[in-house]
Amino acid sequence: MELLIFGAGGFGREVASWAGRARWAGEAFEVAGFIDDRAAVSELNGRPVLSLATAAAEHPGAGVVATVGDPRLRERLIAKALAAGLVPSAPLVHPNAEYDREYVTLKEGVVVCAGSILTVNIVVERHAQINLDCTVGHDAVIGAYATLSPGVHISGNVAVGSYSFMGTGAVTVNGHPGRPLVIGSEAVVGAGAVVTRDVAAGTTVTGVPARPRTTL
Ligand SMILES: CC(C)(COP(=O)(O)OP(=O)(O)OC[C@H]1O[C@@H](n2cnc3c(N)ncnc32)[C@H](O)[C@@H]1OP(=O)(O)O)[C@@H](O)C(=O)NCCC(=O)NCCS
């Protein structure tokens, strides 16, 4: 299936480097190029960089992943791509990432990078992004458009809200059956933070243990 990578920044180039080796339901992805209306170049790492209009005209019906870390920006890019006639990509999972399709549900547009491991009874909602070397434990939900940066560890019984952003190396302790640890929607968890209790929606927490940031 044809794949367009919306965002020709660093993460987009990383994803493009392996996407052609990924498969979904036995079918390989064929990377048609990047979409980036603001790029100053027409080619990157041997692949064309196209405007959205050109990409939609040349590759009608192609699947799209948005390769930006900012959850709300990712949502806007996907909305633009769909309005232009493209479709959400099937989940794009690096061949070295580990998960069992019997126990893990990945929704459309999800990206899972190399080294990441998802165990059992997990749902990853649409367009969530799981970067390099993350782990997601049992009974976890990763919300729509959530971002797990490299090296994030989500313990068992944790719900990561939609549009939340977890910085590099952030970790959570576990929740409990019927009482998950909840990271609220649009929350930001700073790099290296250790989340030990629920994070309210829309708040930024940092540190060990993670605490809401106070502003002056
Ligand atoms: C928490 C975060 C969102 C704060 O961003 P910000 O508001 O722009 O913060 P600033 O860079 O202005 O830093 C403000 C202060 O917080 C400190 N700080 C920044 N991030 C921190 C973190 N993760 N943990 C603890 N302290 C942090 C800074 O050292 C600075 O302290 P100082 O005023 O004593 O010098 C951000 O630093 C962060 O951790 N982002 C995650 C980035 C990431 O992992 N990206 C993944 C790329 S793949």
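Predicted model: local features only at pLDDT ≥ 70, side-chain atom pairs only at ≥ 80, totals over all residues.

Into which domains is the chain divided? The chain is divided into domain 1, residues 2-90, and domain 2, residues 92-204, and these bounds come from an automatic or database domain assignment. Residues are numbered from 1 along each chain as its sequence is written.

Let me begin with the whole chain. The C-alpha atoms fill a box of roughly 50 × 45 × 25 Å, taken along the principal axes. For 216 residues, a compact globule would have a radius of gyration near 17 Å, and the chain agrees, because its own value is 17 Å; this radius is taken over C-alpha atoms, and the globule rule is 2.2 Å times the number of residues to the power 0.38. Of the 216 residues, 47% count as buried, where buried means that 20 or more other C-beta atoms lie within 10 Å of the residue's own, exposed means 12 or fewer, and partly exposed is in between, with C-beta atoms placed from the backbone.

Now to the two domains. The C-alpha centres of domain 1 and domain 2 lie 23 Å apart. Their contact takes 17 residues from domain 1 and 17 residues from domain 2, with two residues counted as in contact if their C-beta atoms, placed from the backbone, lie within 7 Å. On the side of domain 1 that touches domain 2, α1 (10-19), β7 (63-66) and α3 (71-83) each supply at least two residues, and the largest share, 5 residues, comes from α3. By class, that side of domain 1 has 11 nonpolar, 2 polar and 4 charged residues; here Ala, Val, Leu, Ile, Met, Phe, Trp, Tyr, Cys and Pro count as nonpolar, Asp, Glu, Lys and Arg as charged, and the others, Gly among them, as polar.

Which residues of α1 are buried? In α1, Gly-12, Val-15, Ala-16 and Ala-19 are buried. They lie on the same side of α1, because they cover an arc of only 105° around the axis, the arc being that of the directions from the helix axis to the C-beta atoms. What covers these buried residues includes β1 (2-6), β4 (30-35) and β7, among others.

Next, the ligand. It is surrounded by 13 residues, of which the closest are Ser-149, Gly-167, Thr-168, Gly-190 and Thr-206; a residue counts as near if its C-beta atom, placed from the backbone, lies within 6 Å. This shell has 3 nonpolar, 10 polar and no charged residues.

Finally, some backbone details. Asn-45, in the loop between β5 (43-44) and β6, has a positive phi of about 45° although it is not a glycine, and Asn-45 is exposed, with 11 other C-beta atoms within 10 Å. His-127 also is not a glycine and has a positive phi, of about 60°, but His-127 is buried, with 26 other C-beta atoms within 10 Å. A cis peptide bond joins Val-208 and Pro-209, with omega about -5°.

Notes. Helix = DSSP H or I, 4+ residues; strand = E, 2+ residues; numbered from the N terminus.
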